[in-house]
Amino acid sequence: MRKTIQTGLFFLLFIQTSVVWGDIKLPRLVSDGMVLQQGVSTNIWGWASPMEQVSVEFAGAGYRTEANQAGEWKIALKALPAGGPYKMILQGHNTLTIFNILIGEVWVCSGQSNMELPMKRVRPIF
């Protein structure tokens, strides 16, 4: 009888600890100090509990969505002109605040190491 009670308590404890309270989670790209491209709609995405309501406040506008069955959500922010710094507040079961967001030109460069031009290679014209 005692072993049955211990086994029952073990399973009850296991079930309690395996229930996860879904907090909003963001990819590493969505963080303090990010720069968003000006003049185009930008997607912000992340994870939450399945069917959890997610709201975003950014640059004076409010957005709402619901996570899908897999817990994934995405919100398209309206196109904005260059400016900042802004803060973004995301709310679901928890609240996240992202600071120092700028809107401007985003450039991605790739190529060989000769793309870099250190100042020591530039000779002054005298």
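Which residues line the largest cavity? The points below take that up, for a model that is predicted.

1. **Cavity.** The structure holds 1 cavity of 30 Å³ or more. The largest cavity has a volume of about 50 Å³. Its lining consists of L36, Q37, V40, T42, F58, L77, K78, A79, L80 and I103. By class, that lining has 7 nonpolar, 2 polar and 1 charged residues.

2. **T42 and L77.** Both T42 and L77 belong to the lining of the largest cavity. They are also bridge partners, with L77 sitting in β5. Strand β2 (residues 42–47) and β5 run antiparallel, and 6 bridges join them.

3. **Faces of β5.** Strand β5 spans residues 72–77. W73, I75 and L77 make up its covered face. E72, K74 and A76 make up the uncovered one.

4. **Aromatic pair.** The structure holds 1 aromatic pair. The ring centres of F58 and Y86 are 5.5 Å apart and the planes stand at 65°, so the pair is edge-to-face; the cut-off for that class is over 60 degrees. The pair links distant parts of the chain: F58 lies in strand β3 (residues 53–58) and Y86 in strand β6 (residues 83–91), 28 residues apart.

5. Are F58 and Y86 buried or partly exposed? F58 has a relative accessible area of 3%, so F58 is buried. Y86 has 27% relative accessibility and therefore counts as partly exposed. The cut-off for buried is under 20%.

Note on methods: Residues are numbered from 1 along each chain as its sequence is written. This is a predicted model: local features need pLDDT of at least 70, side-chain atom pairs count only at pLDDT 80 or more; totals for chains, interfaces and linings use all residues. Side-chain values use heavy atoms; hydrogens and water are left out. Rings of Phe, Tyr and Trp (its six-membered ring) pair if their centres lie within 6.5 Å; planes under 30 degrees apart count as stacked, over 60 as edge-to-face and the rest as tilted. Helices (H or I, at least four residues) and strands (E, at least two) are DSSP runs, numbered from the N terminus. Buried means under 20% relative accessible area, exposed over 50%, partly exposed in between (1.4 Å probe, protein chains only). On a 1 Å grid over the protein atoms alone, a cavity is a set of points where a 1.4 Å probe fits but cannot get out, and a pocket is an open set with protein on both sides within 12 Å along at least five of seven lines; lining residues have an atom within 4 Å of a point. Grid points are joined across faces, edges and corners, and a volume is the space filled by probe spheres set on the points. Ala, Val, Leu, Ile, Met, Phe, Trp, Tyr, Cys and Pro count as nonpolar, Asp, Glu, Lys and Arg as charged, and the others, Gly among them, as polar. Two strands pair if DSSP finds at least two bridges between them.
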